[in-house]
Amino acid sequence: MVKDGDPSWKPTFIVKPDSGCQGDGIYLVKDPSDIRLAGTLQSRPAVVQEYICKPLLIDKLKFDIRLYVLLKSLDPLEIYIAKDGLSRFCTEPYQEPNSKNLHHIFMHLTNYSLNIHSGNFVHSDSASTGSKRTFSSILCRLSSKGVDIKKVWSDIISLVIKTVIALTPELKVFYQSDIPAGRPGPTCFQILGFDILLMKNLKPMLLEVNANPSMRIEHEQELSPGVFENVPSLVDEEVKVAVIRDTLRLMDPLKKKREAHFPDICMDRKQRFPEVSDRMSSSKLQLSKLSIVRSKQPEKPLAAKEDHPNSEQASTSESNTEAHLPSICLKQVFPKYAKQFNYLRLVDRMANLFIRFLGIKGTMKLGPTGFRTFIRNCKLSSGNLTMASVDILYIDITRRWNSMTLDQRDSGMCLQAFVEAFFYLADKKFKTRPLHEQVASLIDLCEYHLSLLDEKRLVCGRSGTSTGRPLHSSTPLEGTSSIPLAGGNPPPCAHSTDKSSDSKYAVP
């Protein structure tokens, strides 16, 4: 339709089969009516994107970037990004796509699993040469040409945060169905693989997010026909080992317990040893630096050491282990930059409302009773919106969304359908305002009424009056990301008044 309306627009499209991996089945087309496109979509659904024709080139080759992102916790949202990543190169000099080179996969597709079969693939012992390099080596090269690499990193961090925020509402709904109630995060974590392409103007473009990125640190080398051996990859090892090691350091479940049980000892340890991030990578420099720090710090009184002799020994052992580890490679980007991005979290706050009224543990769809309870408790019914019209709204939107989804295991309203219903209700309630402000105002209104309800229940509970079964969970007054997780009934006062997440939302 866009092409018909604008004949000057002559894009190339890239077709990626759904549920595919490693570049399998990807191809380029110039015309949407291409017979391959029409034929394969019926049997195998695909994602079709406009192909980026003007990527940044290094040595005349197209490349992409694989960055590793740790989603440490959903509640509260914590995001870390690895300070280095992989740059994966094509093995044929790049030309803008035309009818003659559309099928040249080694020119257009950066997938390592494809290019490794090219005769031009270069295995290198250096992190700055070959067909797979470290991203830091690319940044060094760009910096030498006068590129503002701080701006490049800033744009990448922004891209990562916005992407995770867009994923968070749906992830929370899945999360609450599996994680027991009263167990706030981090109770699980995930390492995500972000594939990013730098355009010629250095703007980063998200290609895809991999939920299960490869952590392999070796490649197969054919010694003779049909005979292979696994050869270590210096670049993979340098990047991936650091990501796994430091993820485990951040997620250590015993660390907080040790600090909670023995705060004096842990504080003493922090005084005697500098932060890991401040240590130099050389082990000799680390040891000399640590000895200087030790000599400068005054000794703790003997009585304090005698309080927990075994714990002190364990704590010192742990400190010595930490002292020999390199500085941590994972940089926290959220909530560090929360102030800049909390305005995007309106749908996240809608998901909190949705989860509150789900009611039954394990379900991910809202029933008609839950939707009516949401309307009543948030005081949304009025002369313009009767409960009968609420029921009709529920049926219409739910039926349409259920007809579009392949998952028919649960009946009811999914999160996307709830968001659409919320938009409708916001428009009803605040007609004169733009949609953006309508939605923000309705969320504020819902959270306000629910906080009053929670306070009322808390007062009744203290006076010994039974108010019946409480709702699934409580909702923060000003849109904090904290939510009780799945099943059970948290204390009615378990809501926060943190205003840091009070926000506006721009649909991604």
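**Exercise 1.** Start from Arg66, which counts as buried at 7% relative accessibility, and find which residue forms a salt bridge with Arg66.

A quick note before you start: this is a predicted model, where local features need pLDDT of at least 70, side-chain atom pairs count only at pLDDT 80 or more, and totals for chains, interfaces and linings use all residues. Residues are numbered from 1 along each chain as its sequence is written, and side-chain values use heavy atoms, leaving out hydrogens and water.

*Solution.* 
1. A salt bridge has a side-chain nitrogen of Lys or Arg within 4 Å of a carboxyl oxygen of Asp or Glu.
2. The partner is Asp195, with the closest N and O atoms 2.6 Å apart.
3. Asp195 sits in strand β9 (residues 190-198) and Arg66 in strand β5, so the pair ties together parts 129 residues apart in sequence. Strands (E, at least two residues) and helices (H or I, at least four) are DSSP runs, numbered from the N terminus.
4. Asp195 is buried too, at 6% relative accessibility.

**Exercise 2.** Work out which residues join Arg66 and Asp195 in one salt-bridge network.

*Solution.* 
1. Look at Arg88 and Asp64: their side chains meet in a salt bridge of 2.8 Å, N to O.
2. Arg88 is in strand β7 (residues 86-89) and Asp64 in strand β5 (residues 61-74), 24 residues apart.
3. Check burial: Arg88 has a relative accessible area of 11% and is buried, and Asp64 is buried at 2%.
4. Shared partners put Asp64, Arg66, Arg88 and Asp195 into one network.

Note on methods: Buried < 20%, exposed > 50% of the residue type's maximum accessible area, 1.4 Å probe, protein only.
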